[in-house]
Amino acid sequence: MEFLQQNWYWAALAAASGAWLLVDLARSQGDKSMLSPVEATLLINREDAIVIDVREQGEYAQGHIPNARHVPLGEISRRAGELDKFKGRPVILCCASGTRSASALSQLKKAGFEKLYNLRGGLAEWEKAGQPITRKRK
């Protein structure tokens with residue numbers, strides 16, 4: 001007890017650190033729609049997941065996940081009918097950082113899609129994880 005009284009600041013730091021880890025763990029457990037690049041690859045390989053890239057045409061042309069379908073975010077609602085044939089399969093949405101794809105996820109959820117996932121960190125995380133990128137040759 002004397003140790004804690006003399007080193008209260010270390011005990012407080014340990015308690016705060018532990019609380020932060022628990023909050024982070026709870027937050028990551030809550031959103032099951034977020035996938036890491038490795039989890040996305042496993043879903044593509046094991047469950048034949050479809051990848052939809054919601055970036056703009058110029059961004060998509062600079063590089064994208066192999067076999068990804070391109071449907072810009074602004075056209076998601078209008079082109080959701082094209083994607084109806086994939087309602088029974090897992091759908092992974094991606095963009096540059098994961099923000100636009102989160103918006104597309106909510107739009108497709110309203111359209112009746114159930115197995116929707118967002119690539120955490122977007123294409124930036126995908127590349128950082130060493131996953132393949134398809135680039136147009138000039």
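How many bridges join β2 to β4? The points below take up that question and then the rest of the predicted model.

1. Strands β2 and β4 run parallel and are joined by 4 bridges. Within this pairing, Ile50 has Val91 of β4 as its bridge partner.

2. On the side of β3, strand β2 has 2 bridges, and these two strands also run parallel. Here Asp53 stands opposite His70 in β3.

3. Strand β4 (residues 91-94) also pairs with β5 (residues 116-119), in the parallel sense and over 3 bridges. Val91 has Leu116 as its bridge partner in β5.

4. Are the residues of β2 on its two faces buried or exposed? Ile50 and Ile52 on one side are buried, as are Val51 and Asp53 on the other, and both faces of the strand are covered. Asp53, a buried residue, is the one that stands opposite His70.

5. The largest pocket has a volume of about 180 Å³. Its lining is made up of 15 residues, and those closest to the centre are Ile44, Val51, Ile65, Pro66 and Asn67. Helix α3 gives the most, with 3 residues. Val51 belongs to the group closest to the pocket centre and is among the buried residues of β2.

6. What is the lining of the largest pocket by class? It has 8 nonpolar, 4 polar and 3 charged residues.

7. Arg79 is part of helix α5 (residues 76-79). Why does Arg79 count as buried? Its relative accessibility is 18%, and the cut-off for buried is under 20%. With neighbours within four places in sequence left aside, Arg79 is in contact with His70, Val71 and Pro72. One of these, His70, is the residue of β3 that Asp53 stands opposite.

Note on methods:
Residues are numbered from 1 along each chain as its sequence is written. This is a predicted model: local features need pLDDT of at least 70, side-chain atom pairs count only at pLDDT 80 or more; totals for chains, interfaces and linings use all residues. Side-chain values use heavy atoms; hydrogens and water are left out. Buried means under 20% relative accessible area, exposed over 50%, partly exposed in between (1.4 Å probe, protein chains only). Contact means heavy atoms within 4.5 Å. Two strands pair if DSSP finds at least two bridges between them. On a 1 Å grid over the protein atoms alone, a cavity is a set of points where a 1.4 Å probe fits but cannot get out, and a pocket is an open set with protein on both sides within 12 Å along at least five of seven lines; lining residues have an atom within 4 Å of a point. Grid points are joined across faces, edges and corners, and a volume is the space filled by probe spheres set on the points. Ala, Val, Leu, Ile, Met, Phe, Trp, Tyr, Cys and Pro count as nonpolar, Asp, Glu, Lys and Arg as charged, and the others, Gly among them, as polar.
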